Amino acid sequence: MNLIEELRWRGMLHDFMPGTEEQLASGMTTGYIGFDPTASSLHIGNLATIMLLVHLQRAGHKPVALVGGATGMIGDPSGKSAERNLLDENTLRANQESIKVQLEKFLDFNAGTNSAEIVNNYDWFKEFSFLGFLREVGKHLTVNYMMAKDSVKKRISADEDGDRAEGLSFTEFTYQLIQGYDFYHLYKNKGVKLQMGASDQWGNITTGTELIRRMDGGKAYALVGKLVTKSDGTKFGKSEGGNIWLDATLTSPYKFYQFWLNLSDEEAEKLIKVYTLLPQDEIERLTEEHKQAPHLRVLQKALAKEVTIRVHSEEDYLAAIEASEILFGKGDLETLKGLKEEILLSVFEGVPQIEVSKSAYAEAPGISDLLSDLTSGQIFESKGEAKRMIKNGGVSVNRQKVQNPDEPVNYELLQDKYLVVQKGKKNYYLVKVN
């Protein structure tokens, strides 16, 4: 597989230095990407960058993932409008371990000569003194060279409206020099000749190639992928609730699956090439099938399936499908009973949640009382209104139609604490008995 051609047809290639293609064609090349451990999990914006390493390894080359224990203490100014808060070493180390686990789901660490490898730049920076770094590294690049980088210029110049610039601390200004030294260290000690990343990393990466040239007279290369953006041009990877994380405790598999399922047709057609390993003929077939019947959301379903299984598991994917069916009226009591509590709460996130004490629930005269007085009128304002709608067949509890407005309250509680009440076709309520 030709890496450049593979990335090009997938719409993932933004730019690369002259000579990169020849280097890749000359034999197995070791390439790396750095990941910033400023959070306990990577998100789907990072996943697009991970896929660059995946394709590098599939093309027969050796991928190295650098988890930036040292650079994470500083913060990369690229793409940032303000300096961020710095984390302590213990938090960074915990984040690094979490990220390693996530990377292991995508890269093969037992592939022989091109097995993936994870490194931590804190290992070579922890004994580096400030004066030592200035003498050995800092003297090789001019301030003029560093100031010319877009990530620096954007932070120190006023914006188009004439507002005062946020400014750039010396700490962040040195980031490109430290990242550049990472490349030099890996070049010298692990034979790394290629650094990859998103397009906003171009300045930092080329600083590394320049440092290798000046410090060692060596030749190294850069390749950057396109920044993945939404159809409106904004940064991809966030929903209204924030980042879409790869960690199931931060973004549930259900919400993760739903994110991909709800992409626009334009986004799905573009991103199925970026986030899956489906071959070109299969993607073309799915695209054509989708165009014939867009309402079936063939592309979105294929993309959501591939990514959810890869990031989480097939079991989580199947559970997400079952959970999705519930809001469309296709799930039954057994489906609800089979949902884990976190998935149940994800499905009904945003619907009114009403708490009822165990004693009040046990003493409820009938279902009409529970759905009116005992739930403080949040479902039905009066017992009479509840009775009328039940008689008209418009009320369900745990996906079972309520037949009698006076029937006793003896429903099986989901997870020993929840009832799902449906009023009409679209109004849901989650009653929590505690």
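The legends below describe close-up views of a predicted model. Local features need pLDDT of at least 70 and side-chain atom pairs count only at pLDDT 80 or more, while totals for chains, interfaces and linings use all residues. Residues are numbered from 1 along each chain as its sequence is written, and side-chain values use heavy atoms, with hydrogens and water left out.

**View 1. The largest nonpolar core has 58 residues.** A nonpolar core is a set of buried Ala, Val, Leu, Ile, Met, Phe, Trp, Tyr and Cys residues joined through side-chain atoms within 4.5 Å. Buried means under 20% relative accessible area, exposed over 50%, and partly exposed in between (1.4 Å probe, protein chains only). The members that touch the most others are Leu47, Ile50, Leu103, Phe236, Trp260 and Tyr275. Helix α3 (residues 44-58) gives the largest share of this core, nine residues. Helices (H or I, at least four residues) and strands (E, at least two) are DSSP runs, numbered from the N terminus. In soluble globular proteins, nonpolar side chains tend to be buried together.

**View 2. Contacts of isoleucine 50.** Contact means heavy atoms within 4.5 Å. With neighbours within four places in sequence left aside, isoleucine 50 is in contact with Phe35, Leu42, Leu103, Phe106 and Leu246. A second, separate core has 25 residues, including Val64, Leu66, Tyr184 and Tyr187.

**View 3. A salt bridge between lysine 190 and glutamate 117.** A salt bridge is a side-chain nitrogen of Lys or Arg within 4 Å of a carboxyl oxygen of Asp or Glu. For this pair the N to O distance is 2.6 Å. Lysine 190 belongs to helix α10 (residues 175-190) and glutamate 117 to strand β4 (residues 117-120), so the bridge ties together parts 73 residues apart in sequence. Both side chains belong to partly exposed residues, lysine 190 with a relative accessible area of 37% and glutamate 117 at 23%. A search of the whole structure finds 17 salt bridges.

View 4. Lysine 100 is partly exposed at 24%, as is glutamate 97 at 46%. Glutamate 282 is partly exposed at 26% and arginine 285 at 42%.

**View 5. A salt-bridge network of Glu6, Arg10 and Arg58.** These three residues are linked to one another through a network of salt bridges.

**View 6. Packing of helices α12 and α15.** Axes are lines fitted to C-alpha atoms, for helices over the stretch in contact, and angles run from 0 to 180 degrees between N-to-C directions. Helix α12 (residues 253-261) and helix α15 (residues 298-311) pack at about 150°, with axes 8 Å apart. The two are therefore roughly antiparallel (under 35 degrees counts as roughly parallel, over 145 as roughly antiparallel, 65 to 115 as roughly perpendicular and the rest as oblique). Contacting residues include Phe256, Tyr257 and Trp260 of α12 and Leu303, Ala304 and Val307 of α15.

**View 7. Packing of helices α14 and α15.** The axes come within 8 Å and cross at roughly 140°, and the helices are therefore oblique to each other. The contact is made by Leu286, Thr287, Glu289 and His290 of α14 and Val298, Leu299, Gln300 and Ala302 of α15.
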